[in-house]
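Visitor: I have a structure open here and would like to learn how to read it. Could you take me through it feature by feature?

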Amino acid sequence: MGRFKVAVIEGDGIGPEVCRAACEVLEKTGEIFGHEFEFNKALAGGIAIDETGECLPEATVNLCRASDSVLLGAVGGPKWDDFSGEARPETALLGLREELGLYANLRPATIHMALKNACPLKEEIIGDGIDILIVRELTGGIYFGEKGWKGSKNGMKAYDVESYSEAEVKRIAIRAFDSAMNRQKRVVSVDKANVMESSRLWRRVVTEVSHDYPEVELTHMYVDNAAMQLIKDPRQFDVMVTSNIFGDILSDEASMITGSIGLLPSASLGEGSFGMYEPIHGSAPDIAGQNTANPIAAILSSAMMLRHSFGLIEEARCIENAVTKVLESGYRTYDIKDSYKIIKSEEGRESVNSMIMGCKEMGSLITNMIQAENKVFANNTSF
Ligand SMILES: NC(=O)C1=CN([C@@H]2O[C@H](COP(=O)(O)OP(=O)(O)OC[C@H]3O[C@@H](n4cnc5c(N)ncnc54)[C@H](O)[C@@H]3O)[C@@H](O)[C@H]2O)C=CC1
Ligand SMILES: CC(C)CC(=O)C(=O)O
Ligand SMILES: [Mg+2]
């Protein structure tokens with residue numbers, strides 16, 4: 001029996017919808033396994049600008065610090081697109097990651113075999129599935145480098161500086177090699193060392209760290225090639241470790257191999273057990289408020305929270321198994337609807353629509369599956 005304080009930052013767009021589904025799932029899991037989750041909401045992003053005038057109020061950072069973990073939906077949207085860099089909703093997210101020391105972002109891209117048809121790649125490329133862990137550096141690089149605008153003889157010039165220190169690269173490389181030790185023991189370090197000095201330092205430090213992990217095979221790959229190889233042969237990858245911007249881009253690409261960006265969770269971690277858990281997608285303004293978002297990325301992020309922050313492995317698996325079971329049963333959200341084979345009756349009627357769920361309904365299905373699976377477990381153990 002554990003008591004855990006979870007700060008919930010729903011944010012903007014579909015953030016509130018997917019967070020609600022994840023909280024429902026966490027609550028049910030807690031009820032079954034005897035844990036209590038205390039959810040406390042905080043503002044960040046566009047909604048915080050609207051309500052407080054600041055994208056990241058101090059009260060939000062304080063609440064996160066006083067919590068055991070954070071669940072974050074997404075921030076940003078067209079309403080705030082004309083704001084200056086410092087004032088934008090996205091700055092809140094970068095600020096939270098930095099303030100909370102969350103330098104390691106784990107983004108697992110695993111294909112659910114029930115969704116094979118949602119993958120745009122040929123069946124023979126997917127084979128018996130892909131299982132990639134992208135380890136993205138999260139508090140350094142170009143997103144945090146010097147930036148600005150200045151006059152030049154060719155008009156205004158804007159710049160963003162990519163820089164990495166040895167210490168920053170070392171700690172993320174250690175995280176990647178540690179992860180690989182529990183997986184297939186293969187690390188691909190992705191950089192642009194043929195062009196960028198920061199990547200040359202990156203490559204040197206990752207190579208040095210690899211000497212402490214003789215069982216792990218290390219290869220280096222340029223990011224342009226990595227983007228291509230992900231499509232050509234995603235099964236070659238086990239752990240990919242890379243910089244903030246490259247990891248951001250490659251993980252969106254990897255998500256589509258699994259069928260949709262609405263499926264990929266992430267854990268943002270620092271040194272201790274504290275973490276912030278966020279789907280990799282954004283606020284999806286094009287579908288916000290329509291109850292059509294896929295909540296699975298947020299729900300699987302809550303499973304990562306149980307595993308990484310609270311050490312609740314069985315509970316995390318329970319959520320992951322429920323997601324798999326619901327997908328195997330044929331239920332889909334709109335983004336993955338094409339992955340369900342349309343069944344035609346003899347009269348030619350198609351029955352696929354009945355299986356397409358809204359965000360809320362998908363969350364409830366997964367919650368109910370957790371309940372149902374637990375009953376089966378309880379019945380089995382009583383024999
Ligand atoms: N972690 C965060 O808070 C992030 C915030 N953003 C912000 O979000 C806003 C929109 O950015 P976009 O580039 O459009 O990226 P996005 O990830 O929000 O959306 C890209 C596409 O994927 C779809 N999509 C995303 N999540 C989905 C889900 N759960 N279910 C079904 N479909 C989903 C959207 O409908 C859209 O067509 C921007 O303001 C951006 O800065 C973007 C990425 C991450
Ligand atoms: C504000 C952005 C860096 C958010 C994003 O795209 C991400 O973390 O994936
Ligand atoms: Mg991104």
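Guide: A residue is buried with 20 or more other C-beta atoms within 10 Å of its own, exposed with 12 or fewer, and partly exposed in between, with C-beta atoms placed from the backbone. Please keep in mind that this is a predicted model, where local features need pLDDT of at least 70, side-chain atom pairs count only at pLDDT 80 or more, and totals for chains, interfaces and linings use all residues. Residues are numbered from 1 along each chain as its sequence is written, while chains are lettered from A and ligands numbered from 1 in the order in which they are written.

Visitor: What is Asp252 in contact with, leaving aside its neighbours within four places in sequence?

Guide: Two residues are in contact if their C-beta atoms, placed from the backbone, lie within 7 Å. With those neighbours left aside, Asp252 contacts Ile261 and Ile280.

Visitor: What does UniProt list for "binding site"?

Guide: UniProt positions are in the numbering used here, feature names are shortened, and annotations may be inferred rather than shown by experiment. In the unreviewed UniProt entry, Asp224, Asp248 and Asp252 are listed under "binding site". The "binding site" annotation in the unreviewed UniProt entry also covers Arg97, Arg107, Arg136 and Asp224. Those four spread over 128 residues of sequence and, in space, up to 26.6 Å between C-alpha atoms.

Visitor: Is Arg136 buried or exposed?

Guide: Arg136 counts as buried, having 28 C-beta neighbours inside 10 Å. It lies in strand S5, residues 131–137. Beyond four places in sequence, the residues that Arg136 touches include Arg107 and Asp248. Arg97, in helix H4, is buried as well, with 22 C-beta neighbours inside 10 Å.

Visitor: How is the chain divided into domains?

Guide: Domain bounds come from an automatic or database domain assignment. Here domain 1 takes in 1–103 + 261–383, and domain 2 covers 120–257. Their contact takes ten residues from domain 1 and eleven residues from domain 2. On the side of domain 1 that touches domain 2, helix H4 (residues 89–99) gives the most, with three residues.

Visitor: Which residues of helix H8 are buried?

Guide: In H8 (residues 223–232), Val223, Ala226 and Leu230 are buried. Seen down the axis, the buried residues of H8 fall within an arc of 45°, so they line one face of the helix; the arc is that of the directions from the helix axis to the C-beta atoms. Asp224, Asn225, Met228 and Lys232 are exposed on the other side of H8. The cover over the buried residues of H8 includes strand S8 (186–191), strand S9 (217–222) and H9.

Visitor: What surrounds ligand 2?

Guide: A residue is near a molecule or strand if its C-beta atom, placed from the backbone, lies within 6 Å of it. Around ligand 2 are Glu90, Leu93, Tyr143, Asp248 and Ile280. Ligand 1 has 22 residues around it, and the closest are Gly76, Gly262, His281, Gly282 and Asn294.

Technical notes:
Helices (H or I, at least four residues) and strands (E, at least two) are DSSP runs, numbered from the N terminus.
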